[in-house]
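Here are a few notes to keep beside you as you look at this structure for the first time. Take the points in order, with the view open next to the text.

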Amino acid sequence: MIESTPALTTGLPVLTLLTVLPLAGAAIALCSGKHARAVALFTTIASLALALFIWSSLPLDGSMGMVERVSWAPSLGIEYHLGVDGLGALMLVLAAIVTLMSVDAAHRVHHQPNLYFGLVLILESGLFGSFTALNFFHWFLFWEISLIPAFFLIKLWGGTLRGPAATQFFVYTMAGSVALLLSFLAVFLSTGSMDFGYLTQLASTGALEKMVTTHLGPVTIWLAIGVLAGFAVKVPMIPFHTWLPAAYAEAPSPVTMLLTGAMSKMGVYGLLRIALPLFGHQISQMRTPLLVLAVATVVMGAWAAAAQKDLKRVFAYSSVNHLGYCLLGIFALAVPAAGAAAQASQAAVLNGVILQMFNHGVTAAALFWFVAMLQERTGGHRGIDQFGGIRKPAPVLAGLMGIVLFSSLGLPGLNGFVGEFLIFRGVFPLAWVAATVSVLGLLVTAAVILTVIQKVFTGPVPEHCVGFPDLHHGERMAMIPVIVLMLIIGLVPQLIVDSVNPTVVNLLAHWRF
Amino acid sequence: MQETISFTPQLATSPITEILWLIPAVPIVASGVIALLKQEKRKLAATLSIGSLGISLLLSLAAFAHVVAAWTHGLTVRETVNFTWLQFGTTNVDLGWILDPLSAIMLVMVSLVGLLIFIYTTGYMAHDENYTRFFCFLSLFAGAMLGVVISNSILLLFMNWELVGLTSYLLIGFWYHKPSAAAAAKKAFLTTRVGDIFFLLGIVWLFSETGTLLFYNHGAGSMEGWALTGLLAQPAALGLTAAGAIGLLIFAGAAGKSGQLPLHVWLPDAMEGPTPVSALIHAATMVAAGVYLIARVYPLMQASALTGGTTTALTVVTWVGASTAVFAALIAVGQNDIKRILAYSTVSQLGYMMAGLGIGGVAVGMFHLITHAFFKALLFMGAGSVIHGVHEEQDIRRMGGLKSDMPLTFITYAIGMLALCGFPLVFSGFWSKDGILEAAQHWSVAKAPFYMLIFGALLTAFYMTRQVSYVFFGYNRRHKSVHESPSVMTIPLAILAFFAIALGAIGTPAWPWFRAFLEGRSAGFSLHGFAEPGLLALMATSSVVVFLGFGLGWSLYGNKSPEPETPDALEKSVPWLWAVLRDKFYVDELYGATVIAFYAWWARVADWFDRRVWGGLVTGVAFAFGLWAQLNRFLDTNVVDGGFDKGCEELSTGGGMLAGVQSGRVQTYLRILALAVVALVGILIWSARS
């Protein structure tokens, strides 16, 4: 059953290089004491440059580029198989941007900075590895590897309730991973392969389900559920999200940036790379309950955000809401539909989902960056009612954070709108009830964000906010490129869609629902 | 009258159309530059802002002249420039701009009124510390509003529409240290967003149904030809066609922006913003954007009327408009804040415009939009001048006798007031309102809107008489030193006053220039225009109604100058009615007790569900795992043989590495999970082999 392994693609192993780079940086950072942050900054800038290079040299037809493939443990179907398409490359860029922002925000780590930045870089490596792996074993390794530094970052540098938060985060994600692993073992037992490309091929002809049924009985739907469970926890989808508010709130803000900006995308990425290609038919069978959960994630996520008093929990739930649009789009894809109009809708949805992943990553990371700034300036305050009128002492901070907040709200002209518009454009003809209910999420999110602005920026200034320092020059220089990026994506989204759309076409052509 | 002759060739767009995008772009760029200026660069900011809008006005006039020139040659201009913003697969997300009579008139109005208000602002805001930022926001607003006007793509229109909403939000909350201003800004944004989410649904529906976002595209746009036919053939729910349903969704967006029932609640609160903002955004331009939107998508709104009669969408527009007109006019009677009276008046007049669109068509609604923009901007700026003169007092009961202290303001205000009330023959408001009334009189569906609008006219004359009596007549009840405003403020008033009278000339039945221009017909002067059956009777009726309103108002309030603490004249005679009107029919309270309460309650439910139900489930599972772990340990140590023990030990050393740094609970979980994995894999392998 194991397909023949072609020889290693010629050329520089760029993707391996990209994955190893942060690891090497981590090793240096661990040994470099107080200069660890400088090492980390240097490494993350280099990683971003490399990721951008990879993104800019993608194959134009949307297929896998920069493929590296060597046999590893053939009897177990394990290969070292790497490659990126428009989806993977964009996620690499996102991971690199978010890690850089996170390292930049973490300039107040006094406790064991070498360990802190070492772990951050290991986490980055885990992200790169999981966005480039094309073999389950290899992919799973990085999926799990990224979890461990995240756990320690929360556990050792987190807030007062970091212990339970870290544990819950770890165990919950682990439980999802176990379900995922079991499903994949079953797939391996049935097909003898762990290769995503090959398995996608099998699934697109319906052979995968037949093989599983022959070997294990009619359990394919359970395997699909197992895989979905793993990703549902990671994204997260309501009701598998309870680890998130505590973890996001207790993690130090720069780590929260990583959790929401990059790691949550591993879940959506997994749905697109693994769940839909392999179990599209099963997901299609379960689409109604899944759409209900996606809508619940959108609407209830936004509403839960409205009830929070802690800025980090507000943005945590707001993240749940924003990723809910990705879920909505993904499950709407599983609605059976044929014809040119349906294809146009599906293309809109998938482009929208991928844009939304990127946009949410950038925007959410920027929001938590600002929370870090607010905390630093007030001795750790982050209650929504603990601020007021800081627009007066800190107009630049308020102005820039305002832009980021409106990006999160989905204001046209900024990045957040484009993805959401395309998702709604596509979902409405495919699943109009789900789309119609989900627009409530747009309204509630707006209410939440304007409440944040009202309470933090306007009104009388409380005592501990008098003399609140504005962003200094270095901080402005760090955030302005991010805001420029938001504007560019909002005004010229074609720049990203050009790299994504060929892959979208490619993916849709290989999925069977 | 001759019918439309032909369209200009679509491929050869004129040079002015090619550069039409500059009209919104110049103020937006100016806004960006001002944003980077230091706060001290006040003069430069104002110059940039006024200069850029001046350029927009010149370009708008050039565009208008081009359309008029073509029209005098019997041509109706509809020139578009479209481009693809975003392309994926076979789908094009197109944007573009359009020059036609509708956009040309609107461009001139917005840039002209805008420019006058900008100039006025240099006087009104002269002492504000955030003067520079104010001009930054104003310019951004003007650019976005002009963007709405020229959009030939419903998506581009929506993008500008939201940007307009953002600037409105920023300007209402401009004095952000006032909690009431911050709250009003939020309320405005959210209430309009309620309409906008429906609007967005309408857009995606229209886009997916017709495959285009463009209004006009050589026959392939969504407002022309086969796209409309297709939308009509497509049934939606409740007996509506897709065209009707989409029309209603778009109208929901328009109702939000234009303060129609039941989304009118934000507009009076928006008066928290500085007065130039009220004049520009919440009287003349942004609130009219909803009316303009309906005019823009009118082919869709009246689509099924192609076969005769009216459409569900237009019927809804009419009823909502007429109800808003009366409802808001009633509330205006019971207000004491000079700006709030005008705000409710604006809501009411927007209702007239909507009703005019619903019954009489684009020209009827748009004419009232244009005349109203001038006289209402005049009234707001006059109110600003008054507020300025009496040292930031806004309660009309604490004013009085200002006609001698502020003569220029008084004269111009009186002109605006007479135009608003529809004083016969001389003032523009009379003609534009009569157009609506005349259409309503002949509406085939129902007569009630006609009577409602007549009643609204009576109320308008009444509440404006009350306001003017309180402010300008009688004696000064509070402020000893009252000063007339500087000429930088009064000259714009005079110019607006001129238009408040003169604009009537282009919309009389004798010379219906405005209507002919918009509808692409030639306009000749002929007194036979008055010979239409019932027209003169209607003019007489509406004049009588207006004078009745004046008379009632004057008899109750004229020259009385009661002390501020004494009850209102109306309050003395009908206390319950006064209470209802003063408290705005308790709509805010109703929303507070329903929508807002539900929002807060449901947020708590969502949070409770999270903490108790889902969180409880997780805690329960964790507890069960813990129990199982205890049991397992017991079995481990007491029952299972050494071989199994050894296997467990290997696993626990893995966990032990973690144990060094944390409390110890995780490795228990890990061990259990690892054991579970091993066991389940074993089962799977076993079942696969058998």
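1. Let us start with chain B: 54% of its 690 residues count as buried, a label given when 20 or more other C-beta atoms, placed from the backbone, lie within 10 Å of a residue's own. Please keep in mind that this is a predicted model, in which local features need pLDDT of at least 70 and side-chain atom pairs count only at pLDDT 80 or more, while totals for chains, interfaces and linings use all residues. Residues are numbered from 1 along each chain as its sequence is written, and chains are lettered from A and ligands numbered from 1 in the order in which they are written.

2. Chain B holds 28 helices and four strands; these are DSSP runs numbered from the N terminus, with helices (H or I) of at least four residues and strands (E) of at least two. Of the contacts in chain B between residues at least 6 apart in sequence, 77% join residues at least 24 apart, a contact being two residues whose C-beta atoms, placed from the backbone, lie within 7 Å.

3. Now look at where the chains meet: 56 residues of chain A and 54 residues of chain B take part. On the chain B side, strand S3 (79–88) and helices H6 (154–172), H7 (179–210), H26 (587–638) and H28 (665–689) each supply at least two residues. H7(B) gives the largest share, 15 residues. By class, this side of chain B has 36 nonpolar, eleven polar and seven charged residues (Ala, Val, Leu, Ile, Met, Phe, Trp, Tyr, Cys and Pro count as nonpolar, Asp, Glu, Lys and Arg as charged, and the others, Gly among them, as polar).

4. Within chain B, helices H4 (residues 101–124) and H11 (residues 275–284) pack at an angle of about 165°, their axes 9 Å apart. That makes H4(B) roughly antiparallel to H11(B), a term for angles over 145 degrees. Residues in this contact include B:Ile117 and B:Tyr120 of H4(B) and B:Ala279 and B:Leu280 of H11(B). The contact has eight nonpolar, three polar and no charged residues.

Conventions. A residue is buried if 20 or more other C-beta atoms lie within 10 Å of its own, exposed if 12 or fewer, and partly exposed in between; C-beta atoms are placed from the backbone. Axes are lines fitted to C-alpha atoms, for helices over the stretch in contact, and angles run from 0 to 180 degrees between N-to-C directions. Angles under 35 degrees count as roughly parallel, over 145 as roughly antiparallel, 65 to 115 as roughly perpendicular and the rest as oblique.
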